2 protein chains.
Amino acid sequence: MSKNPAATPDWVKKLKPSGPQGSELLAIERNKSNLNVKRVSEFLFTKEELLRKDRILEILNQHDVFDKSQNYFDGRIDRFKASLARAKKLRQLSVQNGWSKEDFNLANELLSEATPYRLHDTMFLGTPEQHELFLKKAENMEIIGCYAQTELGHGSNVRGLETVAIWDPSDKTFVIHSPTLTASKWWIGTLGRMATHAVVMAQLVIDKKPYGPHPFVVQIRDMKTHQPLPNIHVGDIGPKYGFNTMDNGFVLFNKVKVPHVNLLAKFSGVDVKTNQYRKPASASLVYGTLTFVRSTIVQDAGKTLARGVVIATRYCAVRRQFKDRDAPPEEKGETQVLNYKMVQIRLLTNLAATFALHFTGKAMMGLYMENQAKMKQTATPDSKRGAGPEEMHSGSELLADLHATSCGLKSLASTIAAEGLEVCRRACGGHGYSSFSGIGPFFADYLPTTTWEGDNYMLTQQVARYLLKSARSVIKGDTPTNDTTKVLRNFLDRQDMGAAFDVLGSDTDIVAAYAWRAAYLTFEALKRRDELKMPWNDLLVDFYRLSKAHSQYLVVKNFHATLQAYETRQALGPAGLDLMEKLFRLWALHTLETEASEFYTSSACTVRQIQLARTNAVMNLLEEIRPHAVRLVDAWDFPDWQLDSSLGRYDGKVYEDMFHRASELNPLNGITVDPYPNSDVLYKDDQSETVKDFARKAKL
Amino acid sequence: MSKNPAATPDWVKKLKPSGPQGSELLAIERNKSNLNVKRVSEFLFTKEELLRKDRILEILNQHDVFDKSQNYFDGRIDRFKASLARAKKLRQLSVQNGWSKEDFNLANELLSEATPYRLHDTMFLGTPEQHELFLKKAENMEIIGCYAQTELGHGSNVRGLETVAIWDPSDKTFVIHSPTLTASKWWIGTLGRMATHAVVMAQLVIDKKPYGPHPFVVQIRDMKTHQPLPNIHVGDIGPKYGFNTMDNGFVLFNKVKVPHVNLLAKFSGVDVKTNQYRKPASASLVYGTLTFVRSTIVQDAGKTLARGVVIATRYCAVRRQFKDRDAPPEEKGETQVLNYKMVQIRLLTNLAATFALHFTGKAMMGLYMENQAKMKQTATPDSKRGAGPEEMHSGSELLADLHATSCGLKSLASTIAAEGLEVCRRACGGHGYSSFSGIGPFFADYLPTTTWEGDNYMLTQQVARYLLKSARSVIKGDTPTNDTTKVLRNFLDRQDMGAAFDVLGSDTDIVAAYAWRAAYLTFEALKRRDELKMPWNDLLVDFYRLSKAHSQYLVVKNFHATLQAYETRQALGPAGLDLMEKLFRLWALHTLETEASEFYTSSACTVRQIQLARTNAVMNLLEEIRPHAVRLVDAWDFPDWQLDSSLGRYDGKVYEDMFHRASELNPLNGITVDPYPNSDVLYKDDQSETVKDFARKAKL
């Protein structure tokens, strides 16, 4: 329907942006800082990972299917199709080049879109044990799978799922059935158009008695025709805020029979002979998966936010607007937007947050690995049979700590990343609203992270529960065995004499002040729950604040510990380290100032300290970090192709790129409208469709 | 390429959501409150406006072109086309039915999309005076116009525009020219594909001397062929975060001649005989336009936020998830999500904000009208010749106050509305991410409001400048003549004895506490600027806080004044008024608690008061308002067709509607993929395009 846009006339091709050019401005920025960008990159990612990136990028660059130039223009159906083509190609390249899992993941990360295989690759292949039955075919992608848990009527509450799997002793099968409309599986990635099989979470029913949700493998579509099997109604759930390269799907079952073996649960299930239920041996693997997924979200949050910060920082160094009000009259030209303090307080604090989150993510993943190692070490049939951390009232302390930490940090880190991305987008002014900024579309794709794998508000209850339990144990007099209980013990011992932390002079004291405030809030919440016997529901807002305070403490602690480590000091060198310490202080003191009321209420800080933090310390840090901003964002080492942003180009050719995309790639410029309302014709190039015809079509 | 989705099988059609049904739950909600919804609606909008809505809706409902069912599925080109068809139809209906301007605006508001005529209707027809030359044709839509101010390189800073209009004395014409790429006009609504004419802001140059930006009417496209005229390169700027029914455009000029008369400036311009510049008689009309547009944004902010609050509140009343932790074991079923305090603190505070903003918007528009009336009354040739408020150092005090108020409230109100919409979206859990929620797409369309007509951060400098000036006058001993100076005077008189406001017991004291804090911040900022001689740039963050504090005071003051007014008490009746007073307290105390550190630093409140506000007052208010939540959102009186939301349906049939849209309207369900990566075929229904072909196509 639309033709190609008109060719760009010669007189336009000759035009340049007014000087100084973006490339010149970024060169000046890079010259005025002595930060060793490569050293910081290697510290953030390791040399090995950077080499991997070069290697994968070179391969992807050879294939036109990875050209992203139409992404921002394509509607849902075309984007989905392009993504399917790329997903197939990625898989083919992976086989051809013998990619490792790390190679393949990195290729997906560089592509930066959720291809329709994504949930096959992660959740389907990620489900445990008995999978052997299907695993080989799934790994060879002879079957395409997905993980079908959430329903139209139930997301967070897994126990409320309505899909049933009724054991039929007569033929030893399960009957998978959707008794209601709200039982429809919903949001299931890779199910809408792609999957041939699904792991369906359904309430197991034996002899009319329910035994809770269990996973069943159900074939959904014919292996040849790819049409839904009888009594299965399946489809895509429609367009979303983002993530539209993915076919999130729904499915309803009308008494679909599956064999006994399709119940995935190594040591549990139904005894074929007795028709009796056998208890699951271990729920911890499933819970372990959730903890792992949350840890991954924490791990990636810094890098995620960094995309927005890189784009906005580079653009704000290129963009100039207004003269500084106090500039001497002889000073010519406009000021770089990055020089405005109101921009710095938004961008540089988020730049600091990228590192704060990155180091916290590393520590989180370290904790997870440590726990995995310990579990293997101490694995005995008995310990394996313990309930998962959500259920755990005694048992492995490390596991409980890991669970609470992953919940609290997932909530905090993904909130900071999501909200920070929007801050970066707005810092780009009007052009931030263009898809070519690259921030909006990426933000839209990231946003569900604040809701999935535990809603960011709901998760905070898990943290509060853990902290209350720890506090009870400390009050009881138990010897503190981990950092959390040590912090609580210390607060109890010292609360009467009060605190006097030198937050403006000592980094260690900053960490201590964050610990003090979190401990104070813990005991406040405990008093309200245990002494005042307040309803759980009435405490949810307190719990949210408590979890945030505790998680912010963890971020500050991890950031600080990273900078204390010998390897860090070696890797960064004195100049890099000095700058990183300033970023630590910027994040910690800016956050302290934002949360001021809790810091003074808990007596962790005085009002005077908070005022000084705001008016002096933070402002000075902005000034000191400003000259290094562009080099610091360079250290995140994003290839332009990954960012796909006019505003964030490494070479600063912001305006040339915006113009090129609008004028030469934009399909809307291939149509000629008939603009007059007294004419019913819409497009001059295609007079067949009129206001009237259109109306009739819309009705269908 | 895609066919219609497969028909819904009969066994699916018979399914219902699990009980209780959404319609039952909403009926219960509506029964348990005695709020007179109609009375509140009439108070918010007037009876006359509600009747107008009924009348317009009835007309629109008769035309299929206004069917919205494909909106969320359509890609950019189809959405644009649909919007063009609707825009034409609206115009035709307007002529046929003899609609007033109010009728036409309301029809657009109900349609809720930025049609491609929007900038013709507002900005082009809105530009002043000499328009007579073009106005008649524009009004008849024989020419389609737009207002071309911002450029690729300049948004906020109008004086930095690069497009030039060089006076040619030889033939008495202006030569419109784009000397650089960054001079390209950019973001111009209605220009991309639609406009035949543009009002182009260009730097007037006479005899090599610049005279600043002036507006010129330039014909852009041929009236018959609609092709660009020679030496004009024009097009659409590409996809955006939202607003994709609008063809925001770019245009470059290569020495395009326009006649003398096309310079739009009644008493200014170039003298044809002497070739000399004539000074503009009045800049205030242009500035008046900006103030009017900002006032409109303030006026609409409450209604805008209300869309999200209505949708989320209804859905959270229908959605049930988990049992309350403290619920007795015999209690069956799950809890309505709206019962969770963590949801209430997000939704009910935003519900309170809708009214706070609505009443503030009315007051803002009242102030604007008052000023308009005064200007007419006192209009003399001299006063007409004064500079606009941005420039004004003396002159009309009301005008200066109006300007500062419109800047501060525009910034605060649109920030609250935009951020509140996203809070509402997340409160809907996973389904909030679906386009069918109706919040995401609307949020995306609203978002530029935080940037245009003055960036929300930049505008706060205007407010600070006004407050500093007012404070200097008060210190000098000038007699306070308006509320701002009275507040500042009162603070100066009483600061040594301190404040003791009963914010928990007296509504009047709440208002006074907000005034006190704003005055404190004003004098703090003044000290730093005038005594410590700090650079303007170093004070921008302080100014932002100051503007926010002052504007929050205005909101609280206006909300309170509205509830004190005799007409309000008559209109709402005792029950409605009592509830509205609770909403006032909820907004005021929740905001106070959020901004706690400024309230205690200024001694407007004690730490104890802030703690009590949070733990007692706000929590109790949530409890008291909760039973009326659904009736309160009903009072906003949005027709379902306007909201276009599955989650926000008046009848509560949330799940049926989600399912219907996904299963029966979704075009992606018309395609059958070939899901296996070892096959290069993408779609089974159309094997012509393969991974390889696709790659070649993308390259073009």
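The following paragraphs treat the domains, the relation of the chains, the sheets and the helix contacts in turn.

The model is predicted. In chain A, four domains are assigned: domain 1 covers residues 32-113, domain 2 covers 123-281, domain 3 covers 283-453 and domain 4 covers 457-634. The centres of domain 2 and domain 4 of chain A, taken over C-alpha atoms, are separated by 43 Å.

**Relation of the chains**

Chain B is superposed on chain A by a rotation of 180° with 0.0 Å of shift along the axis, and the RMSD is 0.0 Å. This is the relation of a two-fold axis. Both copies use the same surface, since 100% of the contact residues of chain B recur in chain A. Among the residues of chain B, Gly75(B) comes closest to the rotation axis, its C-alpha atom lying at 2.1 Å.

**Sheets and the helices on them**

Chain A contains an open sheet of three strands in the order 4-8-7, with antiparallel pairing. Its edge strands are strand 4 (185-188) and strand 7 (232-236) of chain A, each of which pairs on one side only. From one strand to the next the twist averages 15°. Strand 7 of chain A runs antiparallel to strand 8 (residues 249-253) of chain A, and five bridges join them. Within this pairing, Phe253(A) in strand 8 of chain A is the bridge partner of Ile232(A). The sheet is also contacted from the other chain: helix 23 (residues 654-665) of chain B packs on it, touching strand 4, strand 7 and strand 8 of chain A. The direction of this helix makes about 105° with that of strand 8 of chain A.

In chain B, an open sheet of three strands likewise has the order 4-8-7 with antiparallel pairing. Strand 4 (185-188) and strand 7 (232-236) of chain B stand at the edges with a single partner strand each, so one side of each has no neighbour in the sheet. The twist here averages 15° from one strand to the next. Five bridges connect strand 7 of chain B with the antiparallel strand 8 (residues 249-253) of chain B, and Gly235(B) has Phe250(B) in strand 8 of chain B as its bridge partner. Helix 23 (residues 654-665) of chain A lies across strand 4, strand 7 and strand 8 of chain B, at about 105° to strand 8 of chain B.

A further antiparallel pair in chain A consists of strand 12 (residues 681-683) and strand 13 (residues 686-690), joined by two bridges. A hairpin connects these strands of chain A through two residues, and Tyr683(A) stands opposite Asp686(A) in strand 13 of chain A.

**Helix contacts**

| Helix pair | Angle | Axis separation |
|---|---|---|
| Helix 10 (residues 341-377) and helix 20 (residues 607-625) of chain A | about 85° | 10 Å apart |
| Helix 12 (residues 397-427) and helix 17 (residues 540-564) of chain B | roughly 90° | within 9 Å |

Helix 10 and helix 20 of chain A are therefore roughly perpendicular to each other. Helix 10 of chain A contributes Lys341(A), Gln344(A), Ile345(A) and Leu348(A) to the contact, and helix 20 of chain A contributes residues including Val618(A), Met619(A) and Leu622(A). The contact residues divide into six nonpolar, one polar and two charged.

Helix 12 and helix 17 of chain B are likewise roughly perpendicular to each other. Thr405(B), Gly408(B), Leu409(B) and Leu412(B) of helix 12 of chain B meet residues of helix 17 of chain B, among them Ser547(B), Lys548(B) and Ser551(B).

Key. Residues are numbered from 1 along each chain as its sequence is written. Chains are lettered from A and ligands numbered from 1 in the order in which they are written. This is a predicted model: local features need pLDDT of at least 70, side-chain atom pairs count only at pLDDT 80 or more; totals for chains, interfaces and linings use all residues. Side-chain values use heavy atoms; hydrogens and water are left out. Domain bounds come from an automatic or database domain assignment. Copies are superposed by least squares on the C-alpha atoms of residues with pLDDT of at least 70 in both. Contact means heavy atoms within 4.5 Å. Axes are lines fitted to C-alpha atoms, for helices over the stretch in contact, and angles run from 0 to 180 degrees between N-to-C directions. Helices (H or I, at least four residues) and strands (E, at least two) are DSSP runs, numbered from the N terminus. Angles under 35 degrees count as roughly parallel, over 145 as roughly antiparallel, 65 to 115 as roughly perpendicular and the rest as oblique. Ala, Val, Leu, Ile, Met, Phe, Trp, Tyr, Cys and Pro count as nonpolar, Asp, Glu, Lys and Arg as charged, and the others, Gly among them, as polar. Two strands pair if DSSP finds at least two bridges between them.
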